Amino acid sequence: MTTTSGSTPEMRHHLDDPGTDQPGGLVGEVARMSAEERAEHEAEVADVVAPDRDIEVEVGETLLEMRDVTLSFGGLVALDSVSFSIRRGEILGLIGPNGAGKTTCFNAMTGVYRPSSGDVLLEGRPLGRLKKSQITRRGIARTFQNIRLFGEMTALENVVVGTDARHRTGVLGALLRLPRHHREEREGVERAMALLEFVGIADRAADKAKNLPYGYQRRLEIARALATEPKLLCLDEPAAGFNPAEKEELMGLIREIRDDGYTVLLIDHDMKLVMGVTDRLVVLEFGKKIADGRPAEVREDPSVIAAYLGVPDDDVA
Amino acid sequence: MSAHHFRSGTATKVPFGQRIRDWWNGLSRFHQWAIIIPVVVLVYLMPFLNFFPITTEPGTDFELALFNTARIVLIAIGLNVVVGQAGLLDLGYVGFFAIGAYVAALMTSRDSALYAEYPWLLVVVVGIAVTMVSGVIIGTPTLRLRGDYLAIVTLGFGEIVRLLADNIPALRGNVGFRNLERPPGEWSDGTRIFTQGDGIPWYWLTVTAIIAVLILVGNLERSRVGRAWVAIREDEDAAEIMGVPTFRFKVWAFVIGAAIGGLSGVLYAGQLGFVNNARFDVVTSVLFLAAVILGGSGNKVGVILGAIVIAYTPERFQVVSEYRYLIFGLALIVLMIFRPQGLLGARQRLLARGRQAYKRLVGKPEPVSTESPMKDSGKGTGA
């Protein structure tokens, strides 16, 4: 199992930390640990965060494939036969100007919209007409551009809802508190606690999601998505509204997530963030893919420069 | 100086309800039981507390008033699963109540073609089963709708049940069914325990049912099922994308709510000994809903309180009885203006092992904060 690297939980706790009274419980304990103890604790956390998932494809092979996906709303073509693939273990950036179809692309993958034509394949199998909840259980999780947490639930409960995607307790099992219910509750809460620590917001686990600071809410969304044990994690503008320091920390977190064995698809406007963290980029403009490659290559691509900076008038004709 | 005093006073002020909850959560399991058990005993002893401030006015039977209150409490707990937990506005809940009552009538009244000497417990089981099935039948098509549309369709369902009773000859419309069978059992002197006149056994039976239902519903609440319901209430689309099979759990909410409504219907029919189409109108449905909204939708203690207000005050005060719809209407309006979350705000604990988890994680007892974010000690204004 991989270990975590980069910023320590303590560093991340300072993000948006209102500087309240002495933290108690596990959070306070971690803060008081020696460096050695903390490294050990982090390794434990990482173990719970990244469980053994059954992924059929090897690292570096295609995990998700968009095959000629077209999506139109009436006359408006939001995606025009877009094809690209995401390889297992990489961080793929999806960029493009406003309205290029990035979020639509996400929605096509996660079942919010069904492609008008073309296929989305996960591990070589088309998602077809699966329901959104079934797609999540197949292994695609996402966060939302405009945060959509369960506001009245605590942070911990939000993440446990994510873990429930892997649970099988039914109404009868819960009603009679059968052994599976107990086992799943214990596992779910353990994992949710570890995830909250992993994203660095464990100190506010008992607070309602709607009362958390903005940065915490963004991180909670990531924790909740990770809780569903995804093969592919899709982050829709996770850094929106962050200042540079917070963005830096977020990049660290995204790298950690990848190092723990997740595959990440990232949408963001911030070129610096995207260039800095991704292994590969796909560029969309007006629903079409215009470039696909390593960040350094894409940055030099004339069509990408044109899309972002515009083309001088005399070049158009 | 006084201004300073005032400021420091409000800065540390915790709302009374919050203090109560914090105190309660700080108690050990043992201490909580040490309080719950005497309260339960007191509830069972209610029929013998028939004196001044509690007792009903002359002309109203105190024991029967208690039974009727308990019956509405049971209904409110059931409706709370649907409305409060899963957030599905159901205006036709009386339909399930009616189905329960009619099943009892059809099985145990000599007026019915289906009459046989069924054991009474079987009637309860069949009543619940039939309402659950009808919950599936009603829920499957209608739960694809949301919000106002769902409310309108369920309103229609409640009316359909009543109109069926009106128009199907076998259901005897206004004439109704007489002499329904009551639960078995005799006192030592040979008289029946369960009669129409004596409310005490019925009250005890209903309170027992309430306790059983509270335990079972509580089990559901602190499980994957309860979390799914609250997630659906909060943001149905996000819930689905987080892997919650929303439709299935919405139907389950409907079915479980229906089962509790059906049970209440069977008890009601048994006590009254008579069922016709008169008591199952929309107004009754709205009254049930008023109990849930008034007490605090999504809060079990709240809806019990709401049901007691709705059911007991008209029995206690003749004046309230005469103007009950006016008074409850005004009360609801006032409540919506000043306290839209109801007397007690929505809150449920959603983790079976939350107590230990929160203790370990943040060193605090399990949170059950309910009120608006404003009251949460001013934290989290950053969003």
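**Exercises on aromatic rings**

In this predicted model, A:Arg204 lies over the face of A:Tyr216, at 5.9 Å from the ring centre.

**Exercise 1.** Determine how the rings of B:Phe67 and B:Trp202 are arranged, and where the two residues lie.

*Solution.* Begin with the whole structure: a search over all chains finds 14 aromatic pairs. For the rings of B:Phe67 and B:Trp202, the centres are 5.9 Å apart and the planes stand at 55°. Planes under 30 degrees apart count as stacked and those over 60 as edge-to-face; the pair is therefore tilted. Next, locate the residues: B:Phe67 belongs to helix H4 (residues 62-85) of chain B and B:Trp202 to helix H8 (residues 199-221) of chain B, so that the pair links distant parts of the chain, 135 residues apart. Finally, consider accessibility. Buried means under 20% relative accessible area; B:Phe67 has 0% and is therefore buried, and B:Trp202, with 0%, is buried as well.

**Exercise 2.** Classify the pair formed by B:Phe96 and B:Phe254, and state whether each residue is buried or exposed.

*Solution.* The ring centres of B:Phe96 and B:Phe254 are 5.9 Å apart and the planes meet at 90°, so the pair is edge-to-face. Because B:Phe96 lies in helix H5 (residues 94-108) of chain B and B:Phe254 in helix H11 (residues 246-272) of chain B, the pair ties together parts 158 residues apart in sequence. B:Phe96 has a relative accessible area of 1% and is buried; B:Phe254, also at 1%, is buried.

**Exercise 3.** Name the residues that ring pairs link into a cluster.

*Solution.* The cluster consists of B:Phe97, B:Tyr102, B:Phe177, B:Tyr268, B:Phe280 and B:Phe288.

Terms used. Residues numbered from 1 in each chain as written. Chains lettered and ligands numbered in written order. Predicted model: local features only at pLDDT ≥ 70, side-chain atom pairs only at ≥ 80, totals over all residues. Heavy atoms only, no water. Phe/Tyr/Trp six-rings, centres within 6.5 Å; stacked < 30°, edge-to-face > 60°. Helix = DSSP H or I, 4+ residues; strand = E, 2+ residues; numbered from the N terminus. Buried < 20%, exposed > 50% of the residue type's maximum accessible area, 1.4 Å probe, protein only. Lys NZ or Arg CZ within 6 Å of the ring centre and 35° of its normal.
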